[in-house]
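Please open the model in a viewer and keep the selection panel at hand.

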Amino acid sequence: MKKKTLNKIVAPALALGLLVPVNAQAADHMPTASTPAGDLRATLDQLLSEHYVLAVTSMMKGYDEAADAEVADQALDQNALDMTPAISSIYGEEGGMKFEEIFRGHNDYSADFVEAAKSENKELRMEAEAEVDEFVEEFSTFLDAATEGNLPKEAAADALELHEDQVLSVFDNYVEGDYEEAYMTFREGYKHMFNISKALSGAIVTQMPDKFTTGADTPAVELRSTLNSLAGEHFALAAIGMQKGYDQAEDYDYVTWAEDQNTLDFKAAIASVYGDEGAAQFEKVWNSDHITAQGDIVAATLEGDEAKIEEARMKLDQFAVDFSTFLDAATEGNLPQAAGEEAIKQHEALVLDTFDQYVAGDAEAAWMSFREGYAFMFGVGETLGNAIVTQMPDKFEETTMPEEMPETGLGGAQEQSMNSLYAALAVLGGILLAFVTLRKRKVSEQ
């Protein structure tokens with residue numbers, strides 16, 4: 001079989017989104033998450049959040065001198081290269097290349113932090129920190145100029161500095177063995193990348209009203225981004241967690257803790273609206289046929305028990321049937337069962353491909369599958385989000401675009417993002433409860 005290489009795996013949605021005429025976004029002005037502005041935000045959501053995941057993971061692997069450390073670092077570099085077409089489609093080739101020069105270059109500092117930690121070289125650490133400060137200054141200046149002040153330098157610098165601090169905090173706590181703090185910060189840093197993409201996409205939309213007639217923060221686009229954030233984090237933690245479990249790493253339990261927190265983002269919404277019973281039923285369905293099955297595959301692989309591996313894989317297949325049936329029923333056919341089942345099975349296949357290739361020692365194939373699987377999750381928000389929006393159009397009426405960006409900068413964006421998160425989770429929680437009810441009705445009919 002031909003070996004995979006870490007080349008570009010998916011064309012950014014932005015380039016395609018800008019080809020859509022702005023007056024052909026939705027029939028009869030019905031709300032939709034599939035707008036040029038929504039595609040722009042989704043593209044930035046995907047690439048920026050993947051950068052964060054790969055940056056943190058490659059630093060951990062570099063410190064551990066893992067066999068796939070170099071390939072993980074290559075994946076991080078390719079992520080930066082994949083951003084160039086998106087930026088070039090907005091600001092031209094010159095702007096794209098300037099972006100690449102600045103953004104791709106700052107990935108090199110990661111190796112310095114890793115080497116400084118391994119050798120306990122305080123001078124090298126200080127030099128790396130100084131380089132980060134230079135990056136924040138240079139990149140925030142670039143963003144201010146490129147967006148013509150719609151993303152002010154001060155706001156951009158604050159956001160970038162927080163991002164860099166979060167990356168280093170995850171790494172430093174990992175080195176010190178404080179895994180709880182490391183993964184708490186991991187989740188905070190992951191969510192922060194969606195705040196950055198929201199602010200940047202909003203600035204671009206405001207700057208270019210001829211290309212975007214609706215905002216990057218309409219209710220439908222907010223739902224799309226929220227679902228993408230949760231889906232992307234789920235995939236990243238599942239894939240990384242299975243690797244950690246197979247390696248019997250000391251931080252394995254904390255990765256699974258982070259994955260549980262991702263699940264609780266759904267459960268809490270259900271409990272707040274429908275009570276603890278509905279939330280507990282959801283948790284059982286999600287974990288036993290899905291999350292727990294992945295853990296079973298790790299354990300069975302370590303034991304070399306093929307029968308148990310096959311049993312766990314069958315659970316995942318059943319989960320795909322159950323969850324797609326629920327989505328069809330809950331969305332009143334706007335997300336058909338067959339399409340949902342196919343998508344869920346493809347997601348699970350990519351998680352398992354990443355794991356199987358890692359176990360086989362094929363690092364390039366494993367990280368290729370990781371990137372494919374992560375990118376795949378960013379279709380969840382658009383597909384499921386639009387199914388929900390089509391079903392409940394009154395809840396997702398598009399708002400008119402503001403004349404200028406809020407003066408509060410990213411702080412305001414973060415607060416709005418959290419409010420949107422809770423609203424979207426409440427909607428999704430209602431759908432998930434419908435699935436619980438559907439399952440209970442099927443059992444009673446048997």
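How much space lies in the second largest cavity? The second largest cavity holds about 110 Å³ of space. Here a cavity is a set of points, on a 1 Å grid over the protein atoms alone, where a 1.4 Å probe fits but cannot get out. Grid points are joined across faces, edges and corners, and a volume is the space filled by probe spheres set on the points.

This is a predicted model, in which local features need pLDDT of at least 70 and side-chain atom pairs count only at pLDDT 80 or more, while totals for chains, interfaces and linings use all residues. Residues are numbered from 1 along each chain as its sequence is written, and side-chain values use heavy atoms, with hydrogens and water left out.

**Stop 1: the second largest cavity**

Select His51, Ala55, Met59, His106, Asn107, Tyr109, Ser110, Phe113, Val132, Glu164, Val167 and Leu168, which line this cavity; lining residues have an atom within 4 Å of a point. Next, colour α2, α4 (109-119) and α6, each of which supplies at least two residues of this lining. Helices are DSSP runs (H or I, at least four residues), numbered from the N terminus. By class, the lining has seven nonpolar, four polar and one charged residues. In this scheme Ala, Val, Leu, Ile, Met, Phe, Trp, Tyr, Cys and Pro count as nonpolar, Asp, Glu, Lys and Arg as charged, and the others, Gly among them, as polar.

**Stop 2: the largest cavity**

The model has five cavities of 30 Å³ or more, and the largest contains about 200 Å³ of space. Its lining comprises 20 residues; select Leu48, Phe99, Phe139, Leu143 and Leu200, the closest to its centre. Then display α2 (36-64), α3 (69-106), α5 (122-146), α6 (153-176) and α7 (179-207), the elements that give two or more residues to this lining. The largest share, five residues, comes from α3. The lining divides into 17 nonpolar and three polar residues, with no charged ones.

**Stop 3: α2 against α8**

The axes of α2 and α8 are 10 Å apart, at an angle of about 20°. Axes are lines fitted to C-alpha atoms, for helices over the stretch in contact, and angles run from 0 to 180 degrees between N-to-C directions. The two helices, α2 and α8, are therefore roughly parallel (angles under 35 degrees count as roughly parallel, over 145 as roughly antiparallel). On the α2 side, select residues including Asp39, Arg41, Asp45 and Lys61; on the α8 side, Glu222, Arg224 and Lys244 are among those in contact (heavy atoms within 4.5 Å). This contact divides into six nonpolar, five polar and seven charged residues.

**Stop 4: α2 against α12**

Select Gln46, Ser49, Glu50, Val53, Leu54, Thr57 and Lys61 in α2, which meet Trp367, Phe370, Arg371, Tyr374 and Ala375 in α12. Six nonpolar, three polar and three charged residues make up this contact.

**Stop 5: α8 against α11**

Among the contact residues are Phe235, Met242 and Tyr246 in α8, and Leu350, Phe355 and Tyr358 in α11. By class, there are 10 nonpolar, four polar and one charged residues in this contact.

Technical notes:
1 Å grid on protein atoms, 1.4 Å probe; cavity = no way out; pocket = protein on both sides within 12 Å on 5 of 7 lines; lining within 4 Å. Parallel < 35°, antiparallel > 145°, perpendicular 65-115°, else oblique.
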